Amino acid sequence: MGNSLVAAKEKHNLKRQSTFGDDNESSWDSAVMGWNPHGKWHAVASWTWDAQDETCGICRMAFDGCCPDCKLPGDDCPLIWGACNHAFHLHCILKWVNSQTPQAHCPMCRREWQFKG
Amino acid sequence: MVDFARVQKELQECNRDFEVSGIKVMPKSDANLAHLLGTIPGPLGTPYEGGSFKIDITLPDGYPFEPPKMQFATKVWHPNISSQSGAICLDILKDQWSPALTLKTALLSVQALLSAPEPDDPQDAVVAQQYLRDYPTFMGTARYWTEAFAMTSSLGVEDKVLKLVEMGFPEALVRSTLVSVDGDENMALEKLCSG
């Protein structure tokens, strides 16, 4: 289980780094924030996780925020998808999976929990 | 460690649609969010209709990864609820718990259990036997218990005073006794009778 999870997380991160736009897990928006008197545009980008629900079904915190154990949202507190396409904070679903023996089920749909490959 | 941030959110959300659901959850004291009191209305068309049932809720350290502990504080006559202790036999409060469930959805399930008894998987064997062998008597007892234990607290203070005064107790004594037991009519009666 541990190995497959690490693999899942690496793949997930790679996916996020390698695409800019049509990634099915996060989406980027370019935005121009303002005009300054020196005549330069400052372009910034913002991203949000592309999950169907806005909040994690386990901790009930926003996906754009982080799980209760983390202080900052972002790559240190990633989202993870199950084979059933339900998303959770990685830290939240890990706590659930580790508390369930031998087999954990998805908290939302009760299908056997598998990390999306 | 209980995820109190989540509990706090749950309380706000649950009480926000109290008007629709009739379900309420309150902390027993402001200092401790691990001990709560839930209230569910008896479902319409059942012998529990019109009753307001209180449920003691204790959150284990592992909440929401472990189910909340719930038991009826109001006496209730139902095959899957102990008539002695109020213990509830309901799968989602045991092995079918999911962290996506909340206090509100769990209380909704308890309310649904009141509508749909499962006498083949009883918590109270005496009640279950009665349900299976003598359904009219079961209905009568369940209704009587609802009227005796689940409807009194919905009376206004003046109704309670009037009721006890009609039993022959002096009004001043009735009022002071009701205050001393926090408005609980049954406890007030007990206290008045014991002198």
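Biologist: Why is B:Cys89 called buried?

Modeller: B:Cys89 has a relative accessibility of 16%, and buried means under 20% relative accessible area, with exposed over 50% and partly exposed in between (1.4 Å probe, protein chains only). Since 16% falls under that cut-off, B:Cys89 counts as buried.

Biologist: Where is B:Cys89 along the chain, and which residues does it touch?

Modeller: B:Cys89 sits in the loop between β4 (69-72) and α3 (103-115) of chain B. Helices (H or I, at least four residues) and strands (E, at least two) are DSSP runs, numbered from the N terminus. Not counting residues up to four places away in sequence, B:Cys89 touches B:Asn80, B:Lys94, B:Leu113, B:Asp121 and B:Gln123; contact means heavy atoms within 4.5 Å.

Biologist: Before we go on, what sort of model is this, and how are things counted?

Modeller: It's a predicted model: local features need pLDDT of at least 70, side-chain atom pairs count only at pLDDT 80 or more, and totals for chains, interfaces and linings use all residues. Residues are numbered from 1 along each chain as its sequence is written, chains are lettered from A and ligands numbered from 1 in the order in which they are written, and side-chain values use heavy atoms, with hydrogens and water left out.

Biologist: How do you know how confident the predictor is in chain B?

Modeller: From pLDDT, the predictor's confidence in each residue, from 0 to 100. Chain B has a mean pLDDT of 92, and 98% of its residues reach 70 or more. Chain A averages 74, with 61% of the residues scoring at least 70. For the complex, the predictor gives an ipTM of 0.74 and a pTM of 0.74.

Biologist: What else does chain A hold?

Modeller: Chain A has 2 helices and 4 strands, in the order α-β-β-β-β-α along the sequence. Of its 117 residues, 34% are buried. UniProt places "domain: RING-type" (unreviewed entry) at residues 67-110 of chain A, a span that is 23% helix and 14% strand.

Biologist: Back to chain B. Why is B:Asp120 called exposed?

Modeller: B:Asp120 has 71% relative accessibility. That is over the 50% cut-off, so B:Asp120 counts as exposed. B:Asp120 lies in the loop between α3 and α4 of chain B.

Biologist: And B:Thr46, buried or exposed?

Modeller: Buried, because its 14% relative accessibility is under 20%. B:Thr46 is in the loop between β2 (32-41) and β3 (52-58) of chain B.

Biologist: Why is B:Thr177 called buried?

Modeller: B:Thr177 has a relative accessible area of 7%, which is under 20%, so it counts as buried. B:Thr177 is in helix α7 (residues 171-180) of chain B, and a polar atom of its side chain lies 2.6 Å from the backbone oxygen of B:Leu173. Leaving aside neighbours within four places in sequence, B:Thr177 contacts B:Ala188, B:Lys191 and B:Leu192.

Biologist: How do you know that the length of helix α5 of chain B is close to what's expected?

Modeller: The expected span is 1.5 Å times one less than the number of residues. Helix α5 (residues 135-150) has 16 residues and reaches 21 Å from its first C-alpha to its last, close to the expected 22 Å. Its buried residues include B:Phe138 and B:Trp145.

Note on methods
UniProt positions renumbered as here; feature names shortened; annotations may be inferred. Polar contact = N/O pair within 3.5 Å; in protein donor to acceptor, adjacent residues only side chain to side chain.
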